[in-house]
Amino acid sequence: MSDSMKVSKTLFLEARNFGDAIIKNTVISQYGAKHPDELIDICSKRQFTGIFAENKYIHQFHACGFPIAGLKSWNIIGLLKKIWMLRKSHYDLAIDTVGDFRERFLLWLIRPKRLISIEREKGNPFNRLIRQGLSCLVEPVIIPKDMVNVYAQFAYLLEYLGVQKQTQQLNKAYISKKTRIIGMHPFASQECRLWDWGKWNELHRTFLEKGYAVYFFCSPKERVILEDKIEIVKNTSVVAGDLRLFLQELQRIDLLICLDSFAVHASYSVGIRSIMLNGANDFHIWQTPLSCVVAGVSDCEFWPCYNKPKCTDYRCIRNIKADDVAQLAYKLLHK
């Protein structure tokens with residue numbers, strides 16, 4: 001990015017899901033560390049307040065509803081009022097990390113002096129997850145079609161913005177522990193992403209027999225389901241709270257086992273290794289630099305369907321064996 005224009009006020013937008021917000025928070029931290037004199041604001045869904053609250057590089061969090069992705073809000077009047085308010089802030093730079101015409105249009109309405117946006121080449125599988133368009137409104141950062149992983153894409157964008165590539169450092173607090181702690185997050189937003197509860201129980205018992213402690217993570221509403229499906233015994237803890245508590249307690253564990261959900265990105269953000277159980281998604285897109293993937297063997301002709309299944313048995317996720325997950329966990333914990 002040219003240094004010809006001095007940047008003092010920068011705006012990021014996050015209008016999608018929890019996982020996207022966690023990744024965006026990491027991107028902002030990396031950008032902010034390189035540009036400490038800039039005032040960096042984020043406009044995002046109010047449900048994500050806990051994700052961005054502890055980020056020291058964020059000057060101001062602007063809560064707003066969006067008719068995009070999960071947690072949709074159709075309060076268009078409220079959205080327009082927020083856009084008008086942000087327009088008065090006179091941003092020098094707005095950064096779009098999605099490449100969707102909706103985010104681009106919203107940022108264009110705010111009238112930053114410069115609007116930079118990711119533009120993926122034709123054939124990049126990420127394009128199946130968004131609605132491209134309105135490239136005429138932005139300064140595009142062209143992502144090659146073979147650069148599939150989202151973390152690699154954002155590193156490429158950050159390099160364009162003058163930020164040297166960096167990887168989250170592994171949290172090595174586990175080295176001095178007598179008892180290793182394995183975290184499990186068995187929930188996801190779609191049924192096609194879920195693993196059998198019987199296999200979660202099998203994995204749970206196996207770890208306890210090996211002398212590990214186990215933390216189950218869930219939301220307060222999910223706790224009833226968890227305690228109905230999982231036998232909570234000695235050396236098993238349930239962490240059921242808000243996002244801040246989740247991120248805080250996540251730092252106590254040595255390894256997280258989770259589904260294709262926001263949890264895999266949360267673990268990366270605090271430097272914790274993870275095992276992601278993958279089903280219908282193309283895991284090459286979402287795998288973090290600190291995660292390993294276990295995918296079930298499947299002969300489904302529609303794979304990957306990007307979590308828009310045409311089947312009812314979800315065999316791509318249901319075929320994963322508990323023993324395969326356990327063996328990978330042992331290997332990672334004793335490297």
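Helices (H or I, at least four residues) and strands (E, at least two) are DSSP runs, numbered from the N terminus. The chain shown here has 12 helices and 12 strands. This is a predicted model: local features need pLDDT of at least 70, side-chain atom pairs count only at pLDDT 80 or more, and totals for chains, interfaces and linings use all residues. Residues are numbered from 1 along each chain as its sequence is written, and side-chain values use heavy atoms, with hydrogens and water left out.

**Overall shape**

- A compact globule of 335 residues would have a radius of gyration near 20 Å, and the chain agrees with its 21 Å. The radius is taken over C-alpha atoms, and the globule rule is 2.2 Å times the number of residues to the power 0.38.
- The C-alpha trace spans about 60 × 45 × 40 Å along its principal axes.
- Of the 335 residues, 54% count as buried. Buried means under 20% relative accessible area, exposed means over 50%, and partly exposed lies in between (1.4 Å probe, protein chains only).
- Take the contacts in the chain with a separation of 6 or more: residues 24 or more positions apart account for 60% of them. Contact means heavy atoms within 4.5 Å.

**Surface and charge**

- The accessible surface comes to about 16000 Å², and 51% of it belongs to carbon and sulfur atoms. Such areas come from the Shrake-Rupley method with a 1.4 Å probe; for residues, only the protein chains shown count as cover.
- The chain carries 46 positive and 34 negative side chains. Lys and Arg count as positive, Asp and Glu as negative; His and the chain ends are not counted.
- The centres of the two charge sets lie 4 Å apart. Each charge is placed at NZ of Lys, CZ of Arg, CG of Asp or CD of Glu.

**Salt bridges**

- Side chains of opposite charge can pair when their charged atoms come close.
- The structure holds 15 salt bridges. In each, a side-chain nitrogen of Lys or Arg is within 4 Å of a carboxyl oxygen of Asp or Glu.
- One of them joins Glu 139 to Arg 114, with the closest N and O atoms 2.6 Å apart. Glu 139 lies in strand β6 (residues 139–143) and Arg 114 in strand β5 (residues 114–120), so the pair ties together parts 25 residues apart in sequence. Arg 114 counts as buried, at 14% relative accessibility.
- Arg 193 and Asp 260 also meet in a salt bridge, at 3.8 Å from N to O. This pair links distant parts of the chain, 67 residues apart. Arg 193 sits in the loop between β7 (181–185) and α6 (197–209), and Asp 260 in the loop between β10 (255–259) and α9 (262–269). Both Arg 193 and Asp 260 are buried.
- Arg 318 forms a salt bridge with Asp 196, and their closest N and O atoms are 3.8 Å apart. Arg 318 is in helix α11 (residues 315–318) and Asp 196 in the loop between β7 and α6, so parts 122 residues apart in sequence are tied together. Arg 318 is partly exposed at 23% relative accessibility. Asp 196 is partly exposed too, with a relative accessible area of 27%.
- Arg 16, Asp 100, Arg 102 and Glu 103 belong to one network, joined by salt bridges that share partners.

**Positive phi angles**

- Most residues other than glycine have a negative phi.
- Ala 69 has a positive phi, near 55°, and is not a glycine. Ala 69 is in the loop between β3 (58–63) and α3 (76–87). Its relative accessible area of 23% makes Ala 69 partly exposed.
- Leaving aside neighbours within four places in sequence, Ala 69 is in contact with Ala 15, Arg 16, Asn 17 and Lys 45.
- Leu 134, also not a glycine, has a positive phi of about 60°. Leu 134 is in the loop between β5 and β6. At 31% relative accessibility, Leu 134 is partly exposed.

**Distances across the chain**

- Lys 234 is in the loop between α7 (223–229) and β9 (236–240). With a relative accessible area of 73%, Lys 234 is exposed.
- Lys 234 and Cys 136 are 98 residues apart in sequence and 59 Å apart in space, C-alpha to C-alpha.
- Ala 69 and Asp 228 are 159 residues apart along the chain, and 30 Å separates their C-alpha atoms.
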